[in-house]
Amino acid sequence: KNSGTMRCSTEEELSELDTEANSFHLGSFVTTPRSRLFITNCVLDGNTSIVYKCVDQEKRVIALKIIRESSPKFLKSIQNELRKANMVSGLNILVPQVLESGKNYCVREWTEGIRGDVWYNQWRESHHDIYNEGFVALVELWKRVSRQGYYIQNLKQLNLIWSASGWVVIDSGYRRSGDPELCMFRFCHHFDKHWQNAEDNSEFTPMCIILKNAGLYEWEDMEQTKRELEETLAKRKADKENRNNVQISGEEEI
């Protein structure tokens, strides 16, 4: 598998996609500030965003993501697509090139492959085969990033594609620095919570235990690392609540 990175474009002033002037249905054209795109398929229709498979004027297959939710949180996320892609690709991870990025949309190279949620269901049907090529590659991705002292936020099923070149990160949160063992443990914790739905499944085996038993990763002190993660998550939650309280307080004063 190729563990290189796909090139990301340079940052530019953000523009906005006029969602009222464009008709978003299969077989229609969408005009962005830089491109004219022909919609061939709707690949994701979510509460906060919608993703179309398109062909541009250069006959390239691309992905067009448009934010539906107008809250500052989601708009800020889409506006930072290029920045996030550059941060992640800098960790030697495959990331599709961001061709165009704006205030409410993003245009990326199309990644052909199996979406993370589809791959996971197939892996689950194989009785969680730890020698599955995709699983081994996913663990290696976690290891590669953790060894560099980083953790990538929000690597959900819908944000990864299992392609012929390996795992491709088509969306993510930011990277966070930390102790390599703690970063690896966080990847396992995120997989348990957001992939295996651990909170709804009392019979699952934590990923850190699976990797340890299979000899795929060995923590010096797993219990200590777990406590450190719990403390880190608790601190982040408290900090977030404090920020929210400050914002609410400010709004009341106004």
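**Salt bridges in the predicted model**

Glu81 and Lys84 are about one helical turn apart, because they sit 3 residues from each other in helix α2 (residues 81–89). Helices here are DSSP runs of H or I with at least four residues, strands are runs of E with at least two, and both are numbered from the N terminus. The two side chains form a salt bridge, 3.5 Å from N to O. The term means a side-chain nitrogen of Lys or Arg within 4 Å of a carboxyl oxygen of Asp or Glu. Glu81 is buried at 1% relative accessibility, and Lys84 is buried at 4%. Buried is under 20% relative accessible area, exposed is over 50%, and partly exposed lies in between, with a 1.4 Å probe and protein chains only. Through shared partners, salt bridges join Lys65, Glu81, Lys84, Arg108 and Asp171 into one network.

A note on the basis. This is a predicted model, so local features need pLDDT of at least 70 and side-chain atom pairs pLDDT 80 or more, while totals for chains, interfaces and linings use all residues. Residues are numbered from 1 along each chain as its sequence is written, and side-chain values use heavy atoms, without hydrogens and water.

The count is 9 salt bridges. Another of them pairs Lys53 with Glu112, at 3.9 Å from N to O. That pair links distant parts of the chain, 59 residues apart: Lys53 is in strand β3 (residues 49–55), Glu112 in the loop between β6 (105–109) and β7 (114–115). Lys53 is partly exposed at 22%, and Glu112 is exposed at 54%.

Last, Glu58 and Arg60 form a salt bridge with the closest N and O atoms 3.7 Å apart. Glu58 is exposed at 55%; Arg60 is partly exposed at 37%.
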